[in-house]
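Let's take a walk through this protein together. Have a look around first, and then we'll start from the inside.

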Amino acid sequence: MFADLKIKQRAFEYQNGLKNLKSAFDISNAALLNEIDIKSRALNEYWDSGNFIGEYDEEEGYLLWSQDHILQSDIDALDAMICNLNKSFIITMFHYWERYAQLIIGEHTTQFEKIYNKLSDKLKIIIPEKLKLVNKLAVTIKHGNAKKYRELTDEWPEVTNDFFQFMSPYEKIIIKNEIIDEVLSIISKSGESC
């Protein structure tokens, strides 16, 4: 009976930890989206006003800076922050699962296949096959692994973007909200549940 309670407690902690990670992600994402909204409204108000705020080089006559360029730069930077937040969250979720699995199997290995197989055997659960793709995604994001990226283009094209060939594998990864939700579901199903 006590062993069963320990397993249920561990399952609760795992699932609750994922819920808390998602909550923290949602708060961070909402804060960035709010800043984009504020900057976008300020940009629209600036354009609607018809008043120029900026500075020209008096000798050469070219534009040094303008309010709309500053606001647009801020919006672009915030968009890039959201992209990086999404990628970071993928790595965080995967590492959360990996650390949990290492504790369950009693081994501090980083060999994914070994962890995957031992955890499945120990818990007697079927771990989603798609966790292997989440591993490739996390490795591509974290290490810029070109080989894993090429595999993802065939196996999970929704997370890849080959429009600009000169970009690094990290830059080519696109993480939309649907992917965040899908990875969260995969990670949740890859551990104990209450």
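Which residues have the most contacts inside the largest nonpolar core? In this predicted model, they are Ile-90, Trp-97, Leu-119, Leu-131, Leu-137, Trp-156 and Ile-187, and the core has 37 residues. The most comes from α2, which gives 10 residues.

Zoom in on Leu-137 for a moment. Leaving aside residues up to four places away in sequence, Leu-137 touches Ile-90, Leu-152, Trp-156, Val-159, Ile-173 and Ile-175. Apart from that core there's another one, with 7 residues, including Leu-32, Ile-36, Leu-71 and Ile-82.

Now back to α2, which runs over residues 67-105. After α2 comes Gly-106, with a positive phi near 70°.

Next, the charged side chains. Side chains of opposite charge can pair when their charged atoms come close. In this model the count comes to 13 salt bridges. One of them joins the side chains of Asp-74 and Lys-39, at 3.2 Å from N to O. Asp-74 sits in helix α2 and Lys-39 in helix α1, so this pair ties together parts that are 35 residues apart in sequence. Asp-74 is partly exposed, with a relative accessible area of 27%, and Lys-39 is partly exposed too, at 23%.

Another salt bridge pairs Lys-114 with Glu-107, whose closest N and O atoms are 2.7 Å apart. Lys-114 counts as partly exposed because its relative accessibility is 32%, and Glu-107, at 23%, also counts as partly exposed.

Then there's Lys-136, which forms a salt bridge with Glu-151, the closest N and O atoms being 3.0 Å apart. This pair links distant parts of the chain, with Lys-136 in helix α4 and Glu-151 in helix α5, 15 residues apart. Lys-136 has a relative accessibility of 14%, so it counts as buried. The pair also belongs to a network of salt bridges that links Lys-136, Lys-147, Glu-151 and Glu-155.

One last stop: is Glu-192 buried or exposed? Its relative accessibility is 7%, so Glu-192 counts as buried. You'll find Glu-192 in the segment after α7 (177-189), where its side chain makes a polar contact with the side chain of Arg-10, at 2.6 Å.

Key. Residues numbered from 1 in each chain as written. Predicted model: local features only at pLDDT ≥ 70, side-chain atom pairs only at ≥ 80, totals over all residues. Heavy atoms only, no water. Helix = DSSP H or I, 4+ residues; strand = E, 2+ residues; numbered from the N terminus. Expected span 1.5 Å × (residues − 1). Buried < 20%, exposed > 50% of the residue type's maximum accessible area, 1.4 Å probe, protein only. Polar contact = N/O pair within 3.5 Å; in protein donor to acceptor, adjacent residues only side chain to side chain. Core = buried A, V, L, I, M, F, W, Y, C linked by side-chain atoms within 4.5 Å. Contact = heavy atoms within 4.5 Å. Salt bridge = Lys/Arg side-chain N within 4 Å of Asp/Glu carboxyl O.
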